[in-house]
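Please read the points below beside the sequence and the model, and check each pairing by eye as you go.

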Amino acid sequence: MKRRKFLGLGLMAVAAMPATLSAISSIDFRATKPDAWKAKTVDDAIKALYGEIKAEESGVTVKAPKVASNGGAVPVTIKSDIAAKTVAVFQNMDPESAVAVFNVPEGGIVDYFLKIKLKATDENGGNGVITVIVEGRDGKFYKGTMALQVAKGGCEG
Amino acid sequence: MANMKIKAKARGDVVGVKVLAKHDMLTYDQAKAKGKKANFITHITAKVGDKIVYDVSTSQFWSKNPQFKFKFKKDGFKDGDKISITWTDLSGKTVTEDKKIKGL
């Protein structure tokens with residue numbers, strides 16, 4: 001934890017140096033955290049991406065239909081007012097859990113919409129959950145979830 | 001415009017961007033069933049000038065022809081600025097398209 005804070009401070013200092021708003025660089029989380037994309041459970045994926053973390057369940061809104069008729073394109077909206085460093089999206093319906101990891105520019109707005117493919121929930125016990133983790137610039141983690149049912153799976157092609 | 005449909009518009013202090021990318025987003029399971037090779041977008045970056053405004057690593061579970069939206073603050077951008085969106089897929093293909101931001 002201390003080390004993370006130290007690194008975070010270092011990064012902030014570097015980011016604060018240029019006078020103008022400078023470009024942050026792109027981060028390819030598939031290259032830097034390959035195991036996060038292979039993980040079969042949300043917990044394992046979170047662990048592979050962030051390590052052992054405790055996320056506070058507040059400040060993150062996840063919106064999706066309670067019952068999605070078409071699993072091929074389930075609309076998901078993610079919002080948070082937390083000054084975020086990264087935002088990660090997971091679900092427990094598909095073979096692997098990770099859906100997206102956003103690298104949020106400094107001062108960036110967390111208001112994302114995307115459409116995702118989900119398997120029908122009756123294929124895995126009926127409890128579909130989308131989990132979003134926000135890594136704050138304060139070094140803390142925040143979590144939001146949305147439970148849903150998917151009537152027709154979208155992964156069968 | 002063959003690969004992406006982009007709409008970018010400033011409203012108040014914020015620019016809203018809507019994108020529809022044309023891509024099969026073939027998952028490993030779907031590819032197996034069809035006897036094809038899996039291929040899906042793995043990364044999307046959007047820039048205005050040299051400033052990154054959206055940067056996401058993606059998985060096979062984004063929908064076919066993925067649609068996505070995002071917002072960013074319009075500070076520092078001016079009339080005529082363009083948003084440039086680049087995606088890369090598993091096969092290594094990279095596509096970049098740009099669009100003028102309306103209302104700046």
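1. Strand β7(A) and strand β5(B) run antiparallel and are joined by two bridges, where strands count as paired if DSSP finds at least two bridges between them, and strands themselves are DSSP runs (E, at least two residues) numbered from the N terminus, as helices are (H or I, at least four). Within β5(B), F68(B) is the bridge partner of L114(A). This is a predicted model, in which local features need pLDDT of at least 70, side-chain atom pairs count only at pLDDT 80 or more, and totals for chains, interfaces and linings use all residues. Residues are numbered from 1 along each chain as its sequence is written, while chains are lettered from A and ligands numbered from 1 in the order in which they are written.

2. Strand β7 (residues 110-116) of chain A is largely enclosed by the rest of the structure, because five of its seven residues are buried, that is, 20 or more other C-beta atoms, placed from the backbone, lie within 10 Å of their own. Strand β4 (residues 74-80) of chain A also runs antiparallel to β7(A), through seven bridges, and there S80(A) stands opposite V110(A).

3. A further antiparallel pairing between the chains links strand β6 (residues 98-103) of chain A to β4(B) over three bridges, with V101(A) facing S57(B) as its bridge partner.

4. As for confidence, pLDDT (the predictor's confidence in each residue, from 0 to 100) has a mean of 95 in chain B, where 98% of residues reach 70 or more. The model scores ipTM 0.95 and pTM 0.88.

Technical notes
Buried ≥ 20, exposed ≤ 12 C-beta atoms within 10 Å, placed from the backbone.
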